[in-house]
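Open the model in your viewer and keep the sequence panel in view. Select each item as it comes up.

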Amino acid sequence: MAEKSLFYTSGGALHAFSSNTFPHSNAPVSLQAAATVGTVTDGECDLATGCIFELTPSAATTISVTNAPSGQDAFFQLRITDGYGLITFPSGDWSGGSVPVLSSAGTDIITVHYTSTGDWEYTFTNSASSISVTSLIASLPAHYERDVVWAVNSSVNTTLDSPEAMTVNVGGVGFQLTAQQSIDLTTTASWDSSETTYATAANRAGLDFYIYACNNSGTLALVLSHNSTYPNDYTSATSRKIGGFHCLCADVGTISGHTLSGYVAGDILPASVWDLKHRPVCDPAGMVYSSTAKLWADIYLASGTGSSTASVKGGAATVSRNWMDFGDDLGAVGKRLLTDYEFQLIAADSNEETNITGSAAPTDGTGGHVDTNSRRMISNCGCEECSGYLWQWLLDQSYRYDSSTWSWKPLDGDNGSLYSQDDYGDVKLLAGGGWGGGSSCGSRCRSANGFRWYAGAGIGGRGCARSLGA
């Protein structure tokens, strides 16, 4: 059988490609005149008009054909300029075994064999050799890399500074950030189009927000949203959650030497900023990173139980549950109780030797309170009400000696018994002090008489978690 050839011009020279390129071809071939440039509309190639189709897509485009010759194989050429991440090809066989990554700044040549039975066979040439190494790396599955961490701007507490260089895969498309971006929370353009009210500080107070890398028609867009799945105007395929942060729930006021002195409601809590490479093993919502304790701690006292356990502003603090219950609650959401040493570090620069104003449990839930000296009850890293509101269970074991009589004490839930002295013996430490503790309260305040099965109305808990990969 004679070899089938199609001639075309490229760069002023005459070229030919043959059925040897496509070994499955054995049907009659439809040939177009050499160098005939055909009509292509929205990716649809009209084979009646030519054999060369040139396109520079500005949006997502799917390749298709019309007017294919009946009962014949057709050969044609695509010349795609700046097609990176925008072109979808019909399923078929590629000479390299997989669909290639197109150039972001250049022209790629793809020779297509459209068979008489409607199958597609492709040969790819990257004529411009313009695809960058970073673009290839960024298109790797689940890829995310950056040079420096996301951080609050050093001068403006409502501005979030991105890394200076970043590569990220969004829905299988790689993107590169080559210069730092400063995202202003007070500008509506920074937000998901349905959430522009968050440009107002009062609407952000005490809430968690997320940073999305989005594919905006082939361009990387960084979008803020309160939505934890994907922002409005995008989908799970065109956006990727890469970080987030929490906004301060109430003004801190002036506290000499305090990291957060002068911060106001709606400002970004610096220690709450996280991304895919700096985050806890659990859900980061309502947490801050303590650089001294080297872990993530809940901003607020725990509310809810079981899988509903959370760290949220205005939550009804969970009380009247014993140490074992708190262990189960926090474990259900990937957290644990703090140790004695860790609590001391995350509570540093909280109110000391005072309790909550009113010396009673507040009625408006967790977060944002002041003590009897009208000083905000907040630590350096941003943890609320570490001392002087509720005693908080710690992980640490202690012991209480009451007599020389030993006995078995049944524990809750038919999960075994504890062998100890007198009525108690076993002790789990409590920290911080309660709402009527006055001068005994503080970051280093401890109680060593709470047995693990005790459930008091003045005892709560606070979760923590290690960093991912730590």
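The tour goes from strands to aromatic rings, then to charges over rings.

This is a predicted model: local features need pLDDT of at least 70, side-chain atom pairs count only at pLDDT 80 or more, and totals for chains, interfaces and linings use all residues. Residues are numbered from 1 along each chain as its sequence is written, and side-chain values use heavy atoms, with hydrogens and water left out.

**Stop 1: an open sheet**

Select β15, β16 and β19. These three strands form an open sheet in the order β15-β16-β19, with antiparallel pairing. Strands here are DSSP E runs of at least two residues, numbered from the N terminus. Two strands pair if DSSP finds at least two bridges between them. The edges are β15 (151–152) and β19 (182–184), and each pairs on one side only. Now show β16, residues 159–161: three bridges join β16 to β19 in the antiparallel sense. Pick L160 and find I183, its bridge partner in β19.

**Stop 2: strand β22**

Select residues 239–246. Is this strand, β22, mostly covered or mostly open? Mostly covered: seven of its eight residues are buried. Buried means under 20% relative accessible area, exposed over 50%, and partly exposed in between (1.4 Å probe, protein chains only).

Y210 stands opposite G244 of β22.

**Stop 3: aromatic pairs**

The whole structure holds 15 aromatic pairs. Rings of Phe, Tyr and Trp (its six-membered ring) pair if their centres lie within 6.5 Å; planes under 30 degrees apart count as stacked, over 60 as edge-to-face and the rest as tilted.

Select W94 and Y122. The pair is stacked, at 4.0 Å centre to centre and 10 degrees between the planes. W94 lies in β11 (residues 93–94) and Y122 in β13 (residues 120–125), so the pair ties together parts 28 residues apart in sequence. Both residues, W94 and Y122, are buried.

**Stop 4: charges over rings**

A charge sits over a ring if NZ of Lys or CZ of Arg is within 6 Å of the ring centre and within 35 degrees of the ring normal. Select W274: R279 lies over its face, 5.6 Å from the ring centre. Finish at W323, where K428 lies over the face at 4.0 Å from the ring centre.

Technical notes. Helix = DSSP H or I, 4+ residues; strand = E, 2+ residues; numbered from the N terminus.
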